[in-house]
Amino acid sequence: MSQSSGVDPAKLAAARAAVALVEDGMKLGLGTGSTAAIMVRELAARVTAEGLTLRCAATSQATADLAQSLGLKVESLDEIGWLDMTIDGADEVDPDLHLIKGGGAAHLREKIVAAASDRMVVVADPGKVVETLGAFPLPVEVLGFGFETTRKLIRRALGELELGGHDVMQRLKGSDPVITDEGNLILDLHLGCIPDAPALARALAAIPGVVEHGLFLGMCDLAIIGRKDGTVVELARDADIDADLLANEGE
């Protein structure tokens with residue numbers, strides 16, 4: 001059965017619209033996060049109802065476990081090879097469909113899966129749409145070896161981009177460090193605003209010890225924004241977006 005009771009109506013609307021894009025025989029990437037989890041449940045309901053045959057690659061162990069528990073066929077990305085489409089959530093979406101992802105500490109796998117897809121579709125609620133990225137802390141996955149050195153190098157890079165003075169905080173769960181599925185650590189960059197996301201992405205990628213950052217630039221092809229009334233707005237790259245209007249819809 002499809003879900004409805006107790007689920008955020010905006011997220012549910014976005015998830016249902018994205019699942020409607022799925023065709024029999026597709027090879028899909030399944031994202032991670034609260035909206036992506038709703039999408040996985042909607043997808044499983046449709047597979048059961050219509051008898052679709054799909055091959056799925058998950059972006060996290062949590063998503064893999066959920067999908068398998070619902071009867072979806074989950075394989076490794078290498079077993080599938082290339083994907084027709086990835087459906088994932090986002091922590092922020094800007095007017096160019098650039099994203100911040102990684103609130104679930106899965107952005108490394110999410111980026112690999114998205115890069116191995118013909119199409120990346122993002123599902124979100126209106127509160128995720130912003131004029132400029134950066135209010136959501138930017139996640140950076142880093143190695144445990146040389147952790148403090150890497151943090152120092154990140155702070156130096158931020159200073160060179162005139163983003164110095166902001167917190168670069170290790171993500172914790174309680175008092176313990178958050179450990180990613182790949183066994184790495186997470187630093188959250190509390191920047192407030194990122195005026196030049198491509199420059200920051202280049203700077204972070206050049207730092208030894210940085211495994212991956214949560215800036216997804218030029219990767220999203222379509223963002224489906226659900227509204228609390230059950231309708232959706234589809235945002236294509238290069239289309240005009242009234243971010244303030246969409247954000248206010250989520251209030």
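Colleague: Which residue in β15 is the bridge partner of Gly226?

Modeller: Val232 is the bridge partner of Gly226. Keep in mind that this is a predicted model.

Colleague: What makes you say that β14 and β15 are paired?

Modeller: Count the bridges. Pairing needs at least two. Five bridges join β14 (residues 222–226) to β15 (residues 232–236), so the two strands pair. They run antiparallel. Together they form a hairpin, with five residues between the strands. Gly230 sits in that turn and has a positive phi of about 95°.

Colleague: How are β6 and β14 joined, parallel or antiparallel?

Modeller: Parallel, through four bridges. The cut-off is at least two, so β6 (residues 120–124) and β14 count as a pair. One of the bridges links Val122 to Ala223 in β14.

Colleague: What makes β14 "mostly covered"?

Modeller: Five of its five residues are buried. Buried means under 20% relative accessible area. Both faces qualify. Leu222, Ile224 and Gly226 lie on one side, and Ala223 and Ile225 on the other.

Colleague: Why is Leu97 called buried?

Modeller: Its relative accessible area is 0%. The limit is under 20%, so Leu97 is buried. Leu97 lies in the loop between β4 (92–93) and β5 (99–100). It also has a positive phi of about 65°, although it is not a glycine.

Colleague: And Glu162: buried or exposed?

Modeller: Exposed. Glu162 has a relative accessible area of 74%. Exposed means over 50%, so the label holds. Glu162 lies in the loop between α6 and β8. Its phi is positive too, at about 60°, and Glu162 is not a glycine.

Colleague: Why does Arg151 count as buried?

Modeller: Arg151 has 13% relative accessibility. That is under 20%, so it counts as buried.

Colleague: Which residues is Arg151 in contact with, leaving aside its neighbours within four places in sequence?

Modeller: Val168, Met169, Gln170 and Leu187. Contact here means heavy atoms within 4.5 Å. Arg151 itself is in helix α6.

Colleague: Where does helix α6 lie?

Modeller: Helix α6 (residues 147–160) lies across β7, β8, β11 and β12. It runs at about 155° to β8. Helix α5 (residues 107–115) lies across β7, β11 (185–190) and β12, at about 65° to β12.

Colleague: What is the order of the strands in the open sheet?

Modeller: The order is β8-β11-β7-β12, with antiparallel pairing. β8 (167–170) and β12 (210–213) each have a single partner strand, so they stand at the edges with one side left without a neighbour in the sheet. The twist averages 25° from one strand to the next.

Colleague: How many bridges join β7 to β12?

Modeller: Three, and the strands run antiparallel. At least two bridges are required, so β7 (residues 138–142) and β12 pair. Among these bridge partners are Glu141 and, in β12, Glu212.

Colleague: What caps the N-terminal end of α7?

Modeller: Asp196. One of its side-chain oxygens lies 3.1 Å from the backbone nitrogen of Ala199. The limit for a polar contact is 3.5 Å, so this pair is within range.

Colleague: Which residues of α7 are buried?

Modeller: In helix α7 (residues 197–205) they are Ala197, Ala199, Leu200, Ala201 and Leu204. They pack against β7, α6, β11, β12 and β13 (215–216). An α-helix has 3.6 residues a turn, so residues three or four places apart point the same way.

Colleague: What percentage of the 251 residues is buried?

Modeller: 53%. The accessible surface comes to about 11,300 Å², and 50% of it belongs to carbon and sulfur atoms. Take the contacts between residues at least 6 apart in sequence: 73% of them join residues at least 24 apart.

Methods: Residues are numbered from 1 along each chain as its sequence is written. This is a predicted model: local features need pLDDT of at least 70, side-chain atom pairs count only at pLDDT 80 or more; totals for chains, interfaces and linings use all residues. Side-chain values use heavy atoms; hydrogens and water are left out. Axes are lines fitted to C-alpha atoms, for helices over the stretch in contact, and angles run from 0 to 180 degrees between N-to-C directions. Buried means under 20% relative accessible area, exposed over 50%, partly exposed in between (1.4 Å probe, protein chains only). Accessible areas come from the Shrake-Rupley method with a 1.4 Å probe; for residues, only the protein chains shown count as cover. A polar contact is a pair of N or O atoms within 3.5 Å; within protein, one must be able to donate a hydrogen and the other to accept it, and residues adjacent in sequence count only if both atoms are side-chain atoms.
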